[in-house]
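This report describes how the parts of one model are divided and how its chains meet. The sequence and the structure are shown first.

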Amino acid sequence: MDSSSPVKVAGDLLSLPVRNLLRAFPKKPGAAPGTLVYTGPERSEPVAVHLIEYDEEDLEERALRTDASFQEFAANDRLTWINVDGLDDLDLTRAIGSAFQLHPLVQEDLVHTGQRPKVEEYDDYFFVVLRMLTLDTATSSVKNEQIGIVFGKGYVLSFQERAGDVWQGVRDRIRGKSGRIRTRGADYLAYALIDAIVDNYFNILEFFAEQVELLEEEVLESPTQDTMHRIHKLRQEMFVVRRAVWPLRELANALVRTESPLVDEGTGVFLRDVYDHTVQVVDAAETLREVVSGLMDLYLSSVSNRMNEIMKVLTIMASIFIPLTFLAGIYGMNFERMPELGIPWAYPALLGIMGVMALGLLIFFKRRDWL
Amino acid sequence: MDSSSPVKVAGDLLSLPVRNLLRAFPKKPGAAPGTLVYTGPERSEPVAVHLIEYDEEDLEERALRTDASFQEFAANDRLTWINVDGLDDLDLTRAIGSAFQLHPLVQEDLVHTGQRPKVEEYDDYFFVVLRMLTLDTATSSVKNEQIGIVFGKGYVLSFQERAGDVWQGVRDRIRGKSGRIRTRGADYLAYALIDAIVDNYFNILEFFAEQVELLEEEVLESPTQDTMHRIHKLRQEMFVVRRAVWPLRELANALVRTESPLVDEGTGVFLRDVYDHTVQVVDAAETLREVVSGLMDLYLSSVSNRMNEIMKVLTIMASIFIPLTFLAGIYGMNFERMPELGIPWAYPALLGIMGVMALGLLIFFKRRDWL
Amino acid sequence: MDSSSPVKVAGDLLSLPVRNLLRAFPKKPGAAPGTLVYTGPERSEPVAVHLIEYDEEDLEERALRTDASFQEFAANDRLTWINVDGLDDLDLTRAIGSAFQLHPLVQEDLVHTGQRPKVEEYDDYFFVVLRMLTLDTATSSVKNEQIGIVFGKGYVLSFQERAGDVWQGVRDRIRGKSGRIRTRGADYLAYALIDAIVDNYFNILEFFAEQVELLEEEVLESPTQDTMHRIHKLRQEMFVVRRAVWPLRELANALVRTESPLVDEGTGVFLRDVYDHTVQVVDAAETLREVVSGLMDLYLSSVSNRMNEIMKVLTIMASIFIPLTFLAGIYGMNFERMPELGIPWAYPALLGIMGVMALGLLIFFKRRDWL
Amino acid sequence: MDSSSPVKVAGDLLSLPVRNLLRAFPKKPGAAPGTLVYTGPERSEPVAVHLIEYDEEDLEERALRTDASFQEFAANDRLTWINVDGLDDLDLTRAIGSAFQLHPLVQEDLVHTGQRPKVEEYDDYFFVVLRMLTLDTATSSVKNEQIGIVFGKGYVLSFQERAGDVWQGVRDRIRGKSGRIRTRGADYLAYALIDAIVDNYFNILEFFAEQVELLEEEVLESPTQDTMHRIHKLRQEMFVVRRAVWPLRELANALVRTESPLVDEGTGVFLRDVYDHTVQVVDAAETLREVVSGLMDLYLSSVSNRMNEIMKVLTIMASIFIPLTFLAGIYGMNFERMPELGIPWAYPALLGIMGVMALGLLIFFKRRDWL
Amino acid sequence: MDSSSPVKVAGDLLSLPVRNLLRAFPKKPGAAPGTLVYTGPERSEPVAVHLIEYDEEDLEERALRTDASFQEFAANDRLTWINVDGLDDLDLTRAIGSAFQLHPLVQEDLVHTGQRPKVEEYDDYFFVVLRMLTLDTATSSVKNEQIGIVFGKGYVLSFQERAGDVWQGVRDRIRGKSGRIRTRGADYLAYALIDAIVDNYFNILEFFAEQVELLEEEVLESPTQDTMHRIHKLRQEMFVVRRAVWPLRELANALVRTESPLVDEGTGVFLRDVYDHTVQVVDAAETLREVVSGLMDLYLSSVSNRMNEIMKVLTIMASIFIPLTFLAGIYGMNFERMPELGIPWAYPALLGIMGVMALGLLIFFKRRDWL
């Protein structure tokens, strides 16, 4: 993201309902495990399946039909990457699941959006769930999408909630032929996909950092109740980010330490790099969270200070004029015998006394630093 | 729960006494361990015992008398599930306990409501205590009930405080014959029961999320002292949920890692799934708790802001009219010699000066963004 | 404790000095370890020693003189329970200590009140320190007393600061002959004593829960500065409870996992039960602590709200009458030429205008929800 | 410390600069390790070296010159305790260091005040750093001094920043001949020194507890801004104490678990006792810290309450008299036609109405509990 | 840093944008791992390479060209230290990387500023990332720079973002010939470099401690909204420090515990010393952070207190003069029949009554400690 073109906070982003913060609602209690239920939002676009098959020499890339036979891809020699955009076609998930012999619970989790990031090691494959946060630069909003990645010997399956992802760079490297990626196995491709998702978190964090800076400026210059609401909403946004990134450390660590033959030793050093990045992301997210908390303190102190300002004005005005008004009231009384009233210089003298009183009070307030 | 029909907060729910938060009062100090004492609320309904016996082929389902002989069920070939609704019949607990050779402490814990979720491994059986939170959609209140589950070779015993549970789906799957559940052992049935309870927590959390959203709207639009009381009570409710879900992780983890022959290896992957869900529940409950804390901050800032608004009105009114009143007071004095009083245009001139002063103050306040 | 008869907070309880919170002052720095120094409060009652000796058949129970020879009790066949009420007789402690060959540091700790709960395993005996919290229903105050328990092969020694304890139920079970306790060893008796103390914590917690409920009601209905002081003091009380219960988990856990032949395997399951209870106590104490913290937030928000109420009244009164007074002041001026003064309907007209102004302001305040 | 003679807070104690809180500034970056640099405050007193040599039979005690040869003490048969008061004589440290073959880093740390408590195990000796907090009863201030203790086979070296310590009791026991200390080795002597320092923390904590009580009383009775400053400073003092005691647990634990032949098995039980005490000290310090935090809450609520009181007085005065003044203003107007002015009973009637209005407002305020 | 010449807070330091707090933005998502991208700020100075080669006898020191061949340095006998100032010459990094056979990910991390401190152990070398905080005494600002150190058999490579470091002392020791450093290997040199960086943190912390003291004084004497902003900014600065020092413990610990033959056993004791220092730095940073939090509390209480002061003045002025003005208003009314008006001594009597009322109120306020 180019930091020179500040992105504005979209209204949508800042009115996220609390329910979305949780994003964790499984099936109907008591239903059989392995029952496939799509729990994401309704979608109008069709489900798209995209295939990339390659080895060091060749590369084949095409769209597949959702009712294709996936059996052949499970058994071929080349490295097969099948990417599915859209999770609401349960038959497709079942077909792919049975072709690659995925456990029913894995199939269930694939379409069951709202999962917490995790990695599960099975005998023949790894199952990884991640949350992909993407920044829609058009509407300046952050999208929170579940990504399921399954990788085994010779294949990688990826399931996204929607079309559009952060993997363009990976695809380009595969197409480019010269890169390391064409000579390595499925574990390396899976690593590359995970790495791209993790690296993109930094963009999201930078986006939030910019929001925080805008809000900080607002708090310092012209805080309103609306500022507080925006801080509140931003804090809730940070909860979403934290829930996405917090389990990542554990996930990356589990991949680093696995002894499965599916993960090549040479890939280990790259996974360690991903682990480092996740630690950095978590660390930065924590820092950002604390900065937002600090903003709230700053806002409250700012409100208190303005209250002080208001009270000072009131106190100065009232303290100066109320005693003077009293004096004027004295000489507005209608007693028959008020000797001062007859003295010719009494009126200017009183005005003079009033001026001295006002001046005295002004000096008093000045000394207290109220002016 | 259908999210389109918002559930209202029942008065009952929000006036839970603090004592109920604890729900942890064991027997009279010094009493012998294994002394059965029912510590739940008084009940008027009779205790009901329900039996389901099945194997892959057959299924038998019937109500049992509370004074039945349970000896036969402990020794038959088919998988036996005895469910007890109501814990106040101590003789029944003793009879079942001695038929299935349960340790006196297990019997004590079964009727001793207010237990913390836990799992205990004995040689011949596992003893699991859970808290079942159910949403009574009629009264929109959450019920907090202790569930004791004992499972050993060929039998599952479940003890509920009240009739009504979240296991209808499990029963349907058993009756349906075709499901995996008919071919598996007692460990799988126990897993299914625990799974249903854990999955239902998501509904409870969604219920609370809706409450939080309603309260958030109230804080933003028209916060009153009553709003604060409701936030306070909701926070206490969250304590109850947290105490129910927090120990679950440990519990699920203990079941996953057990090496007892009573838990089939094939069930392990399902228990790991339950573990994942408990982690998600705990995680979501924590997030919700933080959102509620954020609501309180928002409320307090909102109160401060309204104070500021009130003070501004007072200050503006007082600052404009007090000096003017003073001026009027000056010319209401009865000094004999006040030359201005005789000047014909003095009155309109003074009114003009007053207008200018008022305007000046208005501009001053406008500049300070008080208007 | 019968929850239907609410216990009032004793003045004493709520004016506990901070020094008592610590209760942890050992001997003069540099003194030799094993130097017996009684650090508790001064006592006027004499020290009492009580003996219960029993096996499955017989039971002997009598008071002992403080200068008795304890050598014989250390070597007899029956299970010997010597209970000491009062720790200020250092010779007695030395006599018992040397008869049962207790380490000098154990003897020192026995009379050294203010210990943190702990368990120490020696070759021939276990040394357990607990804090017994008892509720004095007469004065409605909580007493915090150190209990030292030593158990070895064939004997249990218990040392209390004062007469009066929660062990009546245990004594009754011993006297009752039929119970399990008569057939088991010293480890089981020690378990029974610890269990009684732990179980009694629930009563203490219930007592505090009631205090919290009373305070909650007070905060909601008529909070005063005194309410805040009581919340403050209650929070300090909770520190005492927490310091008593927090180390219990570790203590119970150490007893559960010991491999000493002094603890029978059959006693293990009972100790695990104690462990469960300590976890529950700690958990409940934590919840209570958070509820008290919540009370403080509620109190502060309530104070802010009352401030708002006060400010509203002031603002409404001042905003309505200050402008009207100004108007009256205008027509109280003594200018010679004020044409309005001569118009016959000017006075009622002005009164009308004043009424309209007041009404307008009332509507303005009504719209802002200040009325 | 005699608790009946309350110690007053010294001005010095409460104006500790923040820099002193840290007390952790090592040598110039890039300097060679093992470079001896004294980092403590400047001292005017000379460095004093004191020797005690003893075995079960004999005892020799004398002052040494700082340029003495220490070689002989490293090799004699009797137990040698060399105590150094004052760390600014670097040659002395080097001389002792080379006589007892101490690692250059140990020598560096000995004179490098501001160390965190730690224990380091070398082949031939242990190196222990502690912080000795002493209460200067004359000036009622707490002194924070670094103590380095080295003990090996047959010798103990102790290095203090200043003369004056808490080891008088230990010296008396050595001189007394009858005690256990004369028959044990260097490890036991080191234990005794550490034990005395740890035990003295309880006195310091009691001193702070008294300060807290004084402040608590002040907050409840007559809180001023100065009270807040004192609470603030006390909280900073607690940071110092916490930094001194927090690492102690780890330190004591390391000594308990060491397998070095330098630590006799019989000393283990005494070290475990020290460990218990450190846990208690840490525990008590934490409690005290929370009490101080509670004081701050209490102070803030007290300030809010006083604000409420002030606002009530203002509101009552203004609300009663502003409307009355308006009424008086009405009848002070100079309209020619104001029929009420001519009615003879109008004046007393108006006074009556005013009285009723004032009474009504008083009742209104009474009902709101403002009076 | 000489503490007698207080350093002022530079404006720059206190206006650090939030984005800089994170400093953790890796490459474009999806890019191949090992892609070298310089992520630091733009630089105008040229990249400088500096070589020191030495053994016990000889020393050679010279600048290298950035297009030099580094192959020779990787294979010579003497210890080679190559220091690079400036990371924006990617070809240079590649050239050095391939000469010393560094893993592509190491090369990437070297130029990728914004890394979290870490240590990575490879077969032939260690890769250490640190953050060097330096105090620019000219502008009184803190610079946060990434330092990459690679050390293997016979060579140490160091990469800095900018010229200027804290290693002058190390260079002097190397040049001095007599020191230990000339006789030890690459591990000791790397230790010396890390040690210098860690030791310099203490200066940074002292710098912040001084800032805190200045702010504390400001809060106590004349707090303004600007004070709050400075506290806020200082707190954010502390986040930067914490992120630099927090991972250090782990880093130092990993170096202490490594079993690689690259780290000599004799170096272990020095690394343990570094570990001790990192623990102290982390500890001091935490304390400082808490002190800053305390400052914020102090500030808020100070604002509340000033509000109280303002309100008191207002209340006293209004409470005294509003009733008096009312009295004056009474006798300014124009009723025809007001008997008091004719009494000759009525006017002085009224003045007397007014004086008594004012005095009474003053006494009332005095009693409430408002004066």
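Domain bounds are those of an automatic or database domain assignment. For chain A this assignment gives domain 1 (13–301) and domain 2 (306–367), and the centres of domain 1 of chain A and domain 2 of chain A, taken over C-alpha atoms, are separated by 73 Å.

The model is predicted, and local features need pLDDT of at least 70, side-chain atom pairs count only at pLDDT 80 or more, and totals for chains, interfaces and linings use all residues. Residues are numbered from 1 along each chain as its sequence is written, while chains are lettered from A and ligands numbered from 1 in the order in which they are written.

Two residues are in contact if their C-beta atoms, placed from the backbone, lie within 7 Å. By that criterion, 63 residues of chain E touch 54 residues of chain D. On the chain E side, helix 5 (168–176), helix 6 (186–221) and helix 9 (265–330) of chain E are the elements that give two or more residues, helices being DSSP runs (H or I, at least four residues) numbered from the N terminus. Helix 9 of chain E gives the most, with 34 residues.

Between chains B and C, the contact takes 54 residues from chain B and 63 residues from chain C. At least two residues each come from helix 1 (18–22), helix 6 (225–245), helix 8 (265–330) and helix 9 (346–367) of chain B, and helix 8 of chain B gives the most, with 18 residues.
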